[in-house]
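Subject: Structure for you to look at

Hello,

Here is the structure I said I would pass on. Please open it next to this message, and my notes come after it.

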Amino acid sequence: MSYSSRAVWLASLLTLGACSPTFNWRELRLDGAPLLALMPCKPESATRTVPMAGAPVELHMHSCETSGLRFAVAWADVGNTAQVPTALAAWRSASLQSIRAVPTPANDPATRWTVSVAGAPAALGVSAQGQDPQGQPVQTRAAYFAQGTQVFQAAVYGAQLTDEAVEPFFAGLRLPAP
């Protein structure tokens, strides 16, 4: 899909959802990262140090919940482009393990989902089912991508995901050209 047709499609979705009290779409600009995201509710922010690619890094997360769905965008700078593939694979694996998704191998085609992120050279999409911390069923769709030494995850979690909620979120992700 070309950038202009994607913009028209996104504008149409926003117009259709403008009257919805459930999804109040807004653009989120991340401090310290070039990613622009479209969030359906006002996100809360958090930063913490986590191990990634063998070293501690600052993980920045923005998330919100509406209509029983949690939308999250997170990023970290791994400091070395050679560490990016390892960091993305480990992040994906840890995310699947956190919801007790089965199977969880990094190259399992059963969890692949086709997604693209404007401006990202490549994005790995994941679609999985598992359990939340309370043992309730949960579904997720997530995208893992990078630009330079920065790695990103955008994800939606919920008991049942709908295209009306998921598609605008992922269509709204944009990185500037490097």
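Predicted model: local features only at pLDDT ≥ 70, side-chain atom pairs only at ≥ 80, totals over all residues.

The largest pocket has a volume of about 790 Å³. Its lining has 32 residues, and those closest to the centre are Arg48, Met61, Ser98, Gln153 and Tyr157. Two or more lining residues come from each of β3 (44–52), β4 (55–66), β5 (69–77), α2 (84–98), β8 (137–147) and β9 (150–158). Strand β3 gives the largest share of this lining, with eight residues. By type, the lining of the largest pocket is made up of 18 nonpolar, nine polar and five charged residues.

The cavity

How many cavities of 30 Å³ or more does a search of the whole structure find? There is one. The space in the largest cavity comes to about 40 Å³. Its lining consists of Arg92, Ser95, Leu96, Val126, Thr140, Ala142, Tyr144 and Tyr157. The elements that supply two or more of these residues are α2 and β8. Five residues of the cavity lining are nonpolar, two are polar and one is charged.

The hairpin

Strands β1 (residues 26–29) and β2 (residues 36–39) run antiparallel and are joined by four bridges. Glu27 has Leu38 in β2 as its bridge partner. Six residues lie between the two strands of this hairpin, and Gly32 has a positive phi near 85 degrees.

The loop residue

Gln136 sits in the loop between β7 (123–131) and β8. Gln136 and Gly158 are 22 residues apart along the chain, and their C-alpha atoms are separated by 9.9 Å.

If you want to go through the model in order, start with the lining of the largest pocket, where β3 gives eight residues, and then move to the largest cavity, with α2 and β8 in its lining.

Regards

Terms used: Residues numbered from 1 in each chain as written. Heavy atoms only, no water. Pairing = 2+ DSSP bridges. 1 Å grid on protein atoms, 1.4 Å probe; cavity = no way out; pocket = protein on both sides within 12 Å on 5 of 7 lines; lining within 4 Å. Points joined across faces, edges and corners; volume = space filled by probe spheres on them. Nonpolar A, V, L, I, M, F, W, Y, C, P; charged D, E, K, R; others polar.
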